[in-house]
Amino acid sequence: MAAAAEGVLATRSDEPARATSEDYKLLENMNKLTSLKYLEMKDIAINISRNLKDLNQKYAGLQPYLDQINVIEEQVAALEQAAYKLDAYSKKLAKYKKLEKR
């Protein structure tokens, strides 16, 4: 009976050590997975950064054309205003011509 009691005590004393060992293995696996996830995130961030630089370079290349579009838009607006003024003036002339014929 004393031998049986020693066996039970030995088994019970091994359980915390085995549980601690399993906990450490679990933590190690979690750390490895976390490390891999961070490496993936790093690669994604590098790709995003590279793509952003490419887009900024393309935008810089398009900037002169965008500036030209803005200038043309301003000129069209000014031309439109001149056309409205000319239209109003021609209507006044037409009224004047009618009055002159009377």
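**View 1. K32 and E28 join in a salt bridge.** In this predicted model, the gap from N to O is 3.5 Å. Both residues sit in helix 1. They are 4 residues apart, about one turn of the helix. K32 is partly exposed, at 48% relative accessible area. E28 is partly exposed too, at 42%. Side chains of opposite charge can pair when their charged atoms come close.

**View 2. E40 pairs with K37.** This is again a salt bridge, with the closest N and O atoms 3.7 Å apart. Helix 1 holds both partners. Their spacing is 3 residues, about one turn of the helix. E40 has a relative accessibility of 44% and counts as partly exposed. K37 is partly exposed, at 48%.

**View 3. D87 meets K91 in a salt bridge.** Here the closest N and O atoms are 3.4 Å apart. D87 and K91 lie 4 residues apart in helix 1, about one turn of the helix. D87 is partly exposed, because its relative accessibility of 36% falls between the 20% and 50% cut-offs. The structure holds 3 salt bridges.

**View 4. Y59, L62, Y65, L66 and I69 make a nonpolar surface patch.** The patch covers about 530 Å². One of its members, L62, belongs to helix 1, which runs over residues 2-101. L62 is partly exposed, with a relative accessible area of 47%.

**View 5. The protein chain has 1 helix and 0 strands.** Of its 102 residues, 0% count as buried. The accessible surface of the chain comes to about 9900 Å². Carbon and sulfur atoms account for 62% of that surface.

How values were computed
Residues numbered from 1 in each chain as written. Predicted model: local features only at pLDDT ≥ 70, side-chain atom pairs only at ≥ 80, totals over all residues. Heavy atoms only, no water. Patch = residues over 30% accessible without salt bridge, like charges linked within 9 Å, V, L, I, M, F, W, Y side chains within 5 Å. Areas by Shrake-Rupley, 256 points an atom, 1.4 Å probe, with all protein chains shown as cover. Salt bridge = Lys/Arg side-chain N within 4 Å of Asp/Glu carboxyl O. Helix = DSSP H or I, 4+ residues; strand = E, 2+ residues; numbered from the N terminus. Buried < 20%, exposed > 50% of the residue type's maximum accessible area, 1.4 Å probe, protein only.
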